[in-house]
Amino acid sequence: MTDGIKRREFLKVLGVSGAGATMTGCGAGDVERLIPYVVAPEEITPGVATWYATTCGGCSAQCGMWVRTREGRAVKVEGNPDHPVSEGGLCSRGHATLQHLYNPDRFAGPMIREGTRLRQGTWDEAERLLAARIGTLGNVMFVGGHMGPTLSGLVDRFLSGVGGTRVAYDAVSDAPLREATRIAYGVDGLPTYDIGAAKLLLSFGNDFIDSGASPVAHNKGLAHMSAVDAEGHEKGRFVYLGARLSVTGLNADEWIPIRPGSEAAVALGMASAIAGPNATGPYANLLQAYNTESAAAAAGVSEESIRTLAERFVSEGPSLAMGPGVGAHHRNATAANLAVLILNDVAGNVGRTVTIGGGPTASASKFSDMTAAIGAMAAGRVGVAIVHGTNPAYSLPAASGFQAAFDEVPFKVSFASAMDETAAMADLILPDRHFLESWGDSMPKAGVMAIQQPVMQAVPHFDSKQAGDLLLAVSAHLGNDLGAATFYEYLRGAHQAQHTTAMGPFEETWRAALRTGAVSHAMAATTGASVLRAPDAALTFDVPAFDGDGDLTLMVYPSPRFGGGEFSNSPWMQELPDPVSKITWHSWLEMNPTTAEARGLREGDIVTVTSPHGAVDVPVWIYPGIREDAVALAMGGGHTDMGRWATGNGVNALDLLPATAEQPSGAFVTLATTVNVVSTGVRRRLATIDGSEGDQHDRPIAPAVALADLGHEEEEHADEGHGELMELQGFGGIKPVPAEGGAPSAFPLPGTDHGPYAVAHEGPRWAMAIDLDKCTGCSACVTACHAENNVPWVGEQQVIMGRDMNWVRIERYYEHIDATQAGDLDVRFLPMICQHCGNAPCEPVCPVFATYHTPEGVNAQVYNRCVGTRYCANNCPYKVRVFNWYRYTDENVPEPMNWQWNPDVTVRTNGVMEKCSFCMQRIRESENRAALEEGRDVRDGEIVPACQQSCPAEAIVFGNIRDPNSRVSEVVANERTYRVLDELINTQPAVNYLKKVTFHEVSGGHE
Amino acid sequence: MAVGTQERGALTHPDVHRLDDVNRDVLKVLATPGKGWWMLFGLAVAGVGLFLTAWGWQIYKGIGVSGLMSPVGWGVYITTFVFWVGIAHSGTLISAILFLFRAPWRQSIYRAAEAMTVFAVMTAGLFPLIHVGRLWHAYWLIPYPNSRFLWPNFKSPLVWDVFAVTTYFTVSAVFFYLGTVPDVAAARDRAVGLRKKFYTVISLGWQGTDQQWHHFGKAYVFLAALATPLVLSVHSVVSWDFAMSIVPGWHATIFAPYFVAGAIFSGVAMVITLTVPLRKIFGLEAYLTTKHYDAMAKLCLFTSMIVFYAYLSEFFLAWYSGEEIERSAFWNRLFGTYWWATWIMLVCNGFVPIMLWFKRVRHSIPALFVISIFVNIGMWFERYVIVVTSLHHEYMPFAWGIYRPSVTEMSILLGSFCWFGFWFLLFTRLIPPIAIQELKEVLPPPMRKKAKAHDGGEAHA
């Protein structure tokens, strides 16, 4: 219906990939041997997807990925359930890597600087140029972000061949935790946390599902820990200690809003209370110096809250405390992380919920190393600077002097595949391949080896070359033979060299790794020491000093959407409502309502934020989840040269920060300065999707139930009674349909009228259950849905107008949130999708049957039949229908981003209504495969909608609710089950929610 | 026709003594137009240009050039649609219902009112087309046989709308046309050239014979009887567009009578707004007297009270229902983002017409004109309040949003008045705007002693 993918192009691709399949037995052309996950390569059939397993290269967590390819194009990435780290989940950023693959701002080929402009050259020319410059200038410095172990080894060999140095640099890193672990236990590597095993989880400003070492795994752990109904599991409690609630913090059961920088004092005060006066060990003296009173004074919260927390930390064990993450890296961050490790130690958590060692072994990134490198560059000691996988010109504050120093380097080389601030300065750009086009490996944790394989031929618009191949070629030009012609051979050789006969034949292991995405080697995970050592570095555990004389402390945190800014050029990420603020596209300054009121600021007022290091103008967003003495800004905005979607959007929070390295870890300090906030007098509309400032107005939308009340729900419900409603029923008022607690036998509900096109039959009735006790609001499902269903992005102006196209809207309601004192926290997340009502208000009002009920209970939308009266959207009480106000799919999506489109889903055009379809294409695909291959009915659990597939928390279950043995039936038969607004307007939704469970009594009108 | 109206309807016009005075005064309107007419007509044509340009732009770019958004999927377009359908009501009311009830004061105004009806429906009918996302598929709402056996959804109030509006247009157009035939014949007898040819065709060979008058009278009564239920049904159906939904603020049983009363209210006000300048410009003071305006003002006052009662009962029932979401919707209507629109509605439709209780006001043409403008504004805002304030503040607080009409929408709104004005101005030039033959019925019959009573061989009786 739209001309987004032109029919001719489609046929061309079809023909090429078909020919590829017959000639080479491989749909991906010149890449080597690809082993698809489900179907052998000879069986690539047009119209049938081929899946490959690989490793996500989006961040250092290295989650496992399945990639769905159609006719030689990657169209969707999903979590790999067999991967030991991510176990099937995938975050929003993981999905957005697909937009990096098809990013129209990628370089068309190697770029060579001529004067002020860049010209496209050939690879041979570029390689010879680099080799020549290395030969003449010498002094090579390689600045690299996270990369797989084999590529990292190759870089080292390359550098040793040319006599260069190497600097590891990532915009965000866990260096303080790593350093604290080294100081405390003598182990170089991050500890691993078993969040799922904890009963009481403390986060000292650690936003472990936003960012950090492994957001997906930690998210899964958190959901498991806090789930009330996991088998043989008691609901765990999560306490957040920090000045600002991230999306991680919003999931806490209690919030102790401690002053920024007081984590160490609080952790030590607690540890001291636990250890008592007879503390032993190398830190006994330190503990003597702290107590709960000093902690309370430092944190600005009541002493009692800290003392009782300390008591519970032992009594409610197994417990787990996590030290400050990137958003709380202040000048004493290592000390704070060490204090938290000590707290874990005195509570006996080490070896139980905390394992020392065994985390990712990627090289540690330190800002202090970068400072040294900047010094070397500025001093002219660097002849050739090579930057790979990182963007220091953006992610370092101007105060660091990187740009000026980098400019001094005679020959600057960038491996950026698309323009960024660093590449813009480079003399030679060697566009690297996307990880979905290239070979690699990863070691996400000790003993696990995952292979990253290309899933498709490199996107033909861009003449790119894998960094490994390039280094081999340049080495060869320089006369150093590194033992392989291609990086594929090098990689395979490296793995073969490590292979021991105990693991079986190498070929089998290799193929298994390709097929499943990851293999666990027999090598035992190095569970290092668990006994504390005496510190070998001088540390201060006090609240650090902050720069400037402003009255507000500035918190700069990695964005859950953009990370440190790497994902800013993805329109999916730009348009994904921030999980906390629900704002899209632009930057905002988070400010407590009391603070704003005192200054006469309203939401949307543009303020000038001034620190001693810089100033930015940014609109205010009023947020009750931040202390009154702090304001917060996310990273990732304010790009100056990073492609069409990132450039000019928002502000760069780093402009306000000093170029300070934390001692002794050398980490970049994000929590460093105070600021002054002054109104500019200008106001703007925020591009938010939140229409009620987080207030659900006491409506039965996202209710919760207290843990103590579970099991007594029946009586309570009877009490409530709907007296007035029942009175009205005698006069024809609505009769709420008894759904027997969601029992499958209750479906289809009486009174259901499906209209003339849905003849009743004995088939399935598709339904969904969403457990709000598990949902963390991370928004991975939103992006997964965009990718699966060809949902377009609309741009900032359209979002401001209220025209965002999300099929999944994660509603965030504050029920209880108090930034002034320690106490219960109650914030509800509700993923709102089409409810597929049995009694759908949208269906009778459509004049042309564009929306109607299928016999399977799905509320279908026939795009081609839609005239665009928008009556259905008006009459939808859930407001889940979105409209194509313009040709978004055509005008917003440049070539080759449209290659990502799912060929199984219609690309909608101007003037058409759309909404969640329960991933109808996946239902049909599963049904067809079941029928064709084995002539059977589809099995329970075989159909997995995109949102469910992606959900790290496993909060979503889909299936046939008419089958009493299906998982969805089992989940729905729960006293917590409710359907949004159903008792009020009798819509009989097919989406069943399970109430969030709180520890405290639920206040307000809703149970 | 209209037997027996003479006693009750006999109006004394100081300047009109003879039947051919009527011909003279009314038909002179059709003579060469003055500067004023040309200026107004020029404005109207320019406005139609604006209307078509804005609409064309919207078709080219997409409905996104409007300010519509989620959750407010209907806005100025539907507001204006309902407004024009409402305007269309009083025409049929005045000509059909008042005819059947033998209300004598209708004779001077019904022609203009009927013309207004037809043109208002022509304007209203465009708005559903303007508002749909895919205009080129809008014909799918019409039931027509097709190879795929696809029919419209007869459960949908929008399909009822299609029937209601097209039926109303057909009947009111026929009724209007039929009533003009004897007058057009009178104009034909005086016209020359192209105009004569035009009138000859559309007067259907009217000669004014007894038999013709007999048939005309019968047909007129039948059509009046046919049109009468439509006055009530069309706006009831339009109101069901809202009442059949589950949107708080729309879902109310009171909607049909409430909308019908509102339609008559706005329609009568529009008749006043249109005839006051008409009377002035064409010197028809003798035919449109304070007696007529007094009667229309009373009708306005009466319907205003019904409408205001409906407002109050809506607010009362929202409170009395105890239903929080309903209460919230009406609280928001009064004090929420769009409070100003609600208060414009209440003041213009509820409070300003209170002045009509005073005879002095009812007999002051300028005062009536001003009040009628207030009512027109108030009735537009009534529909805006119903459409927009209900939608923007529905069940899901997280999805609440604020709608701001765009320049394109306001251009089309303005353009629709020009489109209407374009036809109305043409009407005043082409069709006698006051019913000659009915007016004559209320004049004293010609006396034989005046020798020239039957002079000129003119076709009128």
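Before I turn to the helices, one convention: the axes I mention are lines fitted to C-alpha atoms, for helices over the stretch in contact, and the angles run from 0 to 180 degrees between N-to-C directions. Please also keep in mind throughout that this is a predicted model.

With that in place, let me begin in chain B, where helix α4, residues 76–100, and helix α5, residues 110–124, have axes that come within 7 Å and cross at roughly 155 degrees. Since angles over 145 degrees count as roughly antiparallel, α4(B) and α5(B) are therefore roughly antiparallel to each other. The crossing in which α4(B) passes α5(B) is left-handed. If you want to find this contact in the structure, look on α4(B) for residues including B:F81, B:W84, B:V85, B:I87 and B:I94, and on α5(B) for residues including B:Y110, B:M116, B:A120 and B:V121. Sorted by class, the residues of this contact are 12 nonpolar, six polar and one charged.

Let me move now to the contact between the chains, to which chain B gives 39 residues and chain A gives 42. On the chain B side, α7, residues 157–190, and α12, residues 324–335, each supply at least two of the residues that touch chain A. That side of chain B divides into 22 nonpolar, 12 polar and five charged residues.

Within chain A, the domain assignment gives domain 1 as 192–355, domain 2 as 552–683 and domain 3 as 704–998.

Finally, I would like to show you a sheet in chain A, which is open, has three strands in the order β1-β2-β3, and is paired in the antiparallel sense. The edge strands are β1, residues 50–55, and β3, residues 73–79, each of which pairs on one side only. From one strand to the next, the twist averages 30 degrees. Between β1(A) and β2(A), the latter being residues 64–70, the antiparallel pairing extends over six bridges, and A:T50 has A:T69 of β2(A) as its bridge partner. Helix α2 of chain A, residues 92–101, lies across β2 and β3 of that chain, and runs at about 165 degrees to β3(A).

Terms used. Residues are numbered from 1 along each chain as its sequence is written. Chains are lettered from A and ligands numbered from 1 in the order in which they are written. This is a predicted model: local features need pLDDT of at least 70, side-chain atom pairs count only at pLDDT 80 or more; totals for chains, interfaces and linings use all residues. Helices (H or I, at least four residues) and strands (E, at least two) are DSSP runs, numbered from the N terminus. Angles under 35 degrees count as roughly parallel, over 145 as roughly antiparallel, 65 to 115 as roughly perpendicular and the rest as oblique. A crossing is left-handed if the near helix is turned anticlockwise from the far one by less than a right angle, and right-handed if clockwise. Two residues are in contact if their C-beta atoms, placed from the backbone, lie within 7 Å. Ala, Val, Leu, Ile, Met, Phe, Trp, Tyr, Cys and Pro count as nonpolar, Asp, Glu, Lys and Arg as charged, and the others, Gly among them, as polar. Domain bounds come from an automatic or database domain assignment. Two strands pair if DSSP finds at least two bridges between them.
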